[in-house]
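Student: Could you take me through this protein by question and answer? I have not looked at it before.

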Amino acid sequence: MDGKSSPHGRVYGASSQPRRRISPEHSANVDHLIELKNSERKHMTTLGHLINGARVNSEGRTQDIFNPSTGEVGGQVSLASKATVEEAVAAAQAAYPAWRNTPPAKRARVMFRFKQLLEEHADQICRLIGQEHGKIVHDAQGELQRGIENVEYACGVPELLKGEHSKNVGPGIDSWSEFQPLGVVAGITPFNFPAMVPLWMYPMAIACGNTFVLKPSERDPSSTLFIAELALEAGLPAGVLNVVNGDKEAVDALLDDPRVQAVSFVGSTPIAEYIYGRASANGKRCQALGGAKNHSIVMPDADMDNVVNSLTGAAFGSSGERCMALSVAVAVGDAAADALIAKMQEQMQTLKVGSFADAGNDFGPVITKAHQEKVCGYIDSAEAQGAEIVVDGRGVKVSGFENGFYVGGTLIDRVTPEMTCYQEEIFGPVLLVVRAGSMEEAMKLIDDHEYGNGTCIYTRDGEAARYFSDNIQVGMVGINVPLPVPVSYHSFGGWKRSLFGDLAAYGPDAVRFYTKRKTITQRWPSAGVREGAQFSFPS
Ligand code: NAD
């Protein structure tokens with residue numbers, strides 16, 4: 001895609017709405033983001049918010065946005081005040097009545113156009129993701145594709161909202177259930193999938209007739225904002241989708257605003273628990289997806305070459321900054337463990353860590369300097385607590401990018417459950433190996449862990465695999481599949497402290513989360529027929 005053909009001069013607007021243009025200032029901002037080198041971007045204007053169809057640059061607090069590949073500051077983002085959030089919620093509230101009454105087929109048409117714009121601007125989006133997140137372009141493309149698939153699912157909303165109908169539930173009485181939108185919905189998203197996770201949320205919420213206020217991660221907000229602008233260009237009327245950048249102040253304003261009916265959150269478990277508690281206490285519907293510690297079981301009969309290839313990608317891809325990253329391998333039996341360690345060690349010699357811009361790299365930096373230090377701190381603690389550091393990624397230097405936030409691929413053997421590195425989510429390119437005596441022991445480790453997001457078993461034994469998937473206390477299970485991230489027409493959700501709430505993200509659960517059921521029972525009495533008063537319960 002040609003990076004110069006910004007979409008932002010084009011006219012957009014739903015056919016039933018007045019047509020508007022995105023402001024030239026807004027257009028210039030986006031082009032700046034894409035075209036300027038990081039050193040030049042220090043002088044760019046601060047990234048603002050998207051409220052009621054226009055870019056808003058609020059006064060007040062700001063935060064630096066880094067390019068993790070170079071360690072340089074690439075720009076600043078505004079941190080919305082409570083008043084700015086209230087403005088966004090007011091815009092969403094005002095847009096709701098008309099959008100709610102827009103026929104689902106017309107709402108779906110906007111989603112079709114949105115999908116097309118996302119595909120046309122894929123290169124620009126992936127570059128923005130790379131600049132601020134650090135993931136390599138092929139990884140960003142995968143993320144974006146998974147996001148687009150959620151837009152595709154939302155294109156089917158007329159079918160998904162058809163409801164349920166029963167004729168003659170009683171003499172001359174018909175009954176049906178319909179799924180009505182909630183009103184204003186908020187989404188709060190993490191840094192690690194700045195394109196995909198917001199696309200888990202608002203396409204379906206909006207397709208169902210809600211209006212939306214999104215609060216993206218303040219660490220890499222540019223691709224998220226750019227994509228939201230494409231959604232407006234696709235035809236969303238002003239106020240249907242709003243984006244406020246910010247931190248805790250903005251989040252708390254959303255959680256406390258009585259006009260916000262529901263909150264979708266994805267991020268770390270402590271914050272997920274906080275969001276769920278506060279949103280629920282305020283009477284809102286809430287789904288809060290949290291962190292993870294995804295284990296794979298390596299059975300003695302597994303194809304070890306396949307295991308090693310598969311684990312390498314799943315543990316180190318995206319620098320391990322995925323909630324579905326496989327961060328623990330539980331080898332059943334010492335022979336399997338020794339073979340795994342030997343082959344992993346060999347494979348890891350070929351790992352290439354470096355800048356997002358070089359497509360030849362396997363993975364990039366971690367998100368911030370503080371996070372780099374935190375990940376290395378977990379490796380230090382593993383060493384201090386008696387684990388064996390087999391491949392050490394601490395202190396890795398990338399030539400030409402000496403100030404980038406890099407951690408090399410790290411392999412740690414003889415990890416035990418009491419160790420800090422085992423108990424907590426590291427969220428870095430670190431693979432722990434735990435040795436277990438049996439499959440039951442390996443499964444117990446998984447079941448005892450506080451997280452239950454994803455897991456995988458490597459085996460050639462169908463019976464063992466079936467027993468595993470039937471009984472393991474985890475929400476998403478792979479059998480020889482390392483990252484069992486459900487496709488868009490299933491739903492995504494962990495168990496235990498990886499998800500607070502009853503409904504998972506995207507797919508069929510999202511239709512239920514973003515709507516409320518109303519059941520109507522109807523009778524039209526024939527002219528002149530009158531029933532006497534009935535005092536028994538209708539049956
Ligand atoms: P995070 O919890 O630090 O931040 C997530 C969001 O919460 C951001 O928008 C942030 O601004 C906001 N936030 C942060 N602190 C807050 C506070 N004190 N009060 C209110 N809001 C606050 O998460 P992160 O570091 O951006 O993302 C990584 C985490 O997300 C990892 O734990 C990862 O496992 C998890 N994650 C989970 C899933 C999933 O589907 N389960 C998917 C992606 C990421």
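Tutor: We start with helix H8, where Met196, Val197, Pro198, Leu199, Trp200, Met201, Tyr202, Pro203, Met204, Ala205, Ile206 and Ala207 are buried. Keep in mind that this is a predicted model.

Student: How many residues of H8 are buried?

Tutor: H8 runs over residues 196-207, a stretch of 12 residues. The helix is mostly covered, and the number of its residues that are buried is 12 of 12.

Student: What distance does H8 reach from its first C-alpha to its last?

Tutor: At 1.5 Å a residue, 16 Å would be expected. The model comes close to that, with a reach of 17 Å.

Student: Which residue with a positive phi follows H8?

Tutor: The phi in question is near 105°. The residue is Gly209.

Student: What area is buried between domain 1 and domain 2?

Tutor: Domain 1 covers 11-290 + 505-516, and domain 2 covers 294-479. Their contact takes 23 residues from domain 1 and 24 residues from domain 2. Carbon and sulfur atoms give 64% of the buried area, which is about 1900 Å².

Student: Which residues of domain 1 lose the most area to domain 2?

Tutor: Three residues together account for 28% of what the domain 1 side buries. They are Pro68, Ser69 and Ile136.

Student: How many residue pairs are in polar contact across the interface of domain 1 and domain 2?

Tutor: Salt bridges are listed separately, and the rule finds 1 across this interface. For polar contact, the number of residue pairs is 7.

Student: Which element gives the most to the side of domain 1 that touches domain 2?

Tutor: Strand E5 (62-67), helix H5 (122-133) and helix H6 (137-154) each supply at least two residues of that side. The one that gives the most, with 5 residues, is H5.

Student: Which residue forms a salt bridge with Asp139?

Tutor: The closest N and O atoms of the pair are 2.9 Å apart, and the cut-off is 4 Å. The partner of Asp139 is Arg322.

Student: Why is Phe427 classed as buried?

Tutor: Phe427 is found in the loop between helix H15 (420-423) and strand E18 (430-436). Its phi is positive, near 60°, though it is not a glycine. Phe427 counts as buried because the limit is under 20% and its relative accessible area is 15%.

Student: Is Lys496 buried, partly exposed or exposed?

Tutor: Lys496 lies in strand E22 (residues 495-496) and has a positive phi of about 55°. Its relative accessible area is 30%, so Lys496 is partly exposed.

Conventions:
Residues are numbered from 1 along each chain as its sequence is written. This is a predicted model: local features need pLDDT of at least 70, side-chain atom pairs count only at pLDDT 80 or more; totals for chains, interfaces and linings use all residues. Side-chain values use heavy atoms; hydrogens and water are left out. Helices (H or I, at least four residues) and strands (E, at least two) are DSSP runs, numbered from the N terminus. The expected span of a helix is 1.5 Å times one less than its number of residues. Buried means under 20% relative accessible area, exposed over 50%, partly exposed in between (1.4 Å probe, protein chains only). Domain bounds come from an automatic or database domain assignment. Contact means heavy atoms within 4.5 Å. Buried area is the accessible area (1.4 Å probe) that two parts lose on being put together, summed over both. A salt bridge is a side-chain nitrogen of Lys or Arg within 4 Å of a carboxyl oxygen of Asp or Glu. A polar contact is a pair of N or O atoms within 3.5 Å; within protein, one must be able to donate a hydrogen and the other to accept it, and residues adjacent in sequence count only if both atoms are side-chain atoms.
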